[in-house]
Amino acid sequence: MAHQIPDDGTLLPLMEEFYTIQGEGYNTGKAAYFIRLGGCDVGCHWCDVKESWDAELHALTAADTLVEHASKHPAKNVVVTGGEPLIYNLDYLTAQLQASGIRTFIETSGAYPLSGKWDWICLSPKKFKAPSPDVATMADELKVIIFNKSDFEFAEKNALTVSPDCKLFLQPEWSRAKEMTPLIVDYVMSNPKWEISLQTHKFLNIP
C-alpha cells in the first residue's frame, strides 16, 4: 500500500536519524542531529544515498517523534536532509523544533518550493532539476558539487541566482576528489568569492 503522507507534514517518511558532526559547508564541525527523509526524483547518478530515493521504503514517522528524539541531545541544531526534503511540507516540523529551542538547518537541491522556517538554508543545486527561485533567493549557503570541469560554469550560473550575502562553496564529488580537488584549489585562488567545502565526516569516518 502506498504511503499516504498528510499535506500538513505531521507524518514524514524517515530514512534515518542520527547525532553527529556536520561534515560539509559553512557549518562544518558543529554537532547536529540529522533527520534524513526518504523520497527524491532529482536522480543524481553520483548520489551516495540512492537508498533514500524511494519514499515507500521508509516508514512514516510522526514529526512530533522526530522533535522528541532531537531534543534529547546537547546540541540544539537539526539538519533536515534527504533525499529531497522539500518534497514535503516542513512547516509543522520546523515550527515544533524551533518551539523546542532547536535551530533548523536544511540541505536541499531546491527543486521544490520552500516550506518550513529555517535558521540556515544550504542550497546544493543539481543539473537534473533546476532550483526553485524562492529557494535560491533565500539561501544562506550555495554548495555546488564538482564532478567534472563543466560544473564550474554551472556553479557560476547558480551564484547569479542567490543573494549577495550567500556563502559560496565548491565541493569535490567524493569519488572524483583526487582529480577535482586540485582544479577547485586553483579555481578558488583565482575566484576568491568561492570557498572549498570538503566532506570531512568521511575523513573522520563518522556518519
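**Close-up A. Helix 1 and helix 2 make a right-handed crossing.** This is a predicted model, so keep that in mind for every panel here. The axes of the two helices, helix 1 and helix 2, come within 9 Å and cross at roughly 30°. With angles under 35 degrees counting as roughly parallel, that makes helix 1 roughly parallel to helix 2. On the helix 1 side, the contact is made by A63, D64, L66, V67 and A70. Helix 2 brings Y92, L93, Q96 and L97 to that contact.

Close-up B. Helix 1 spans residues 63-70, and its buried residues are A63, L66, V67 and A70. The background is simple: an α-helix has 3.6 residues a turn, so residues three or four places apart point the same way. And what do the buried residues of helix 1 pack against? Their partners are strand 1, strand 2, strand 3, strand 4 (77-81) and helix 2 (91-99).

**Close-up C. Strand 1 pairs with strand 2 in the antiparallel sense.** Strand 2 covers residues 31-37, and seven bridges link it to strand 1. To find your way around, pick T20: its bridge partner in strand 2 is A32.

**Close-up D. Strand 1 also pairs with strand 3.** Here residues 11-21 (strand 1) and residues 60-62 (strand 3) run in the antiparallel sense, over three bridges.

Notes: Residues are numbered from 1 along each chain as its sequence is written. This is a predicted model: local features need pLDDT of at least 70, side-chain atom pairs count only at pLDDT 80 or more; totals for chains, interfaces and linings use all residues. Side-chain values use heavy atoms; hydrogens and water are left out. Two strands pair if DSSP finds at least two bridges between them. Helices (H or I, at least four residues) and strands (E, at least two) are DSSP runs, numbered from the N terminus. Buried means under 20% relative accessible area, exposed over 50%, partly exposed in between (1.4 Å probe, protein chains only). Contact means heavy atoms within 4.5 Å. Axes are lines fitted to C-alpha atoms, for helices over the stretch in contact, and angles run from 0 to 180 degrees between N-to-C directions. Angles under 35 degrees count as roughly parallel, over 145 as roughly antiparallel, 65 to 115 as roughly perpendicular and the rest as oblique. A crossing is left-handed if the near helix is turned anticlockwise from the far one by less than a right angle, and right-handed if clockwise.
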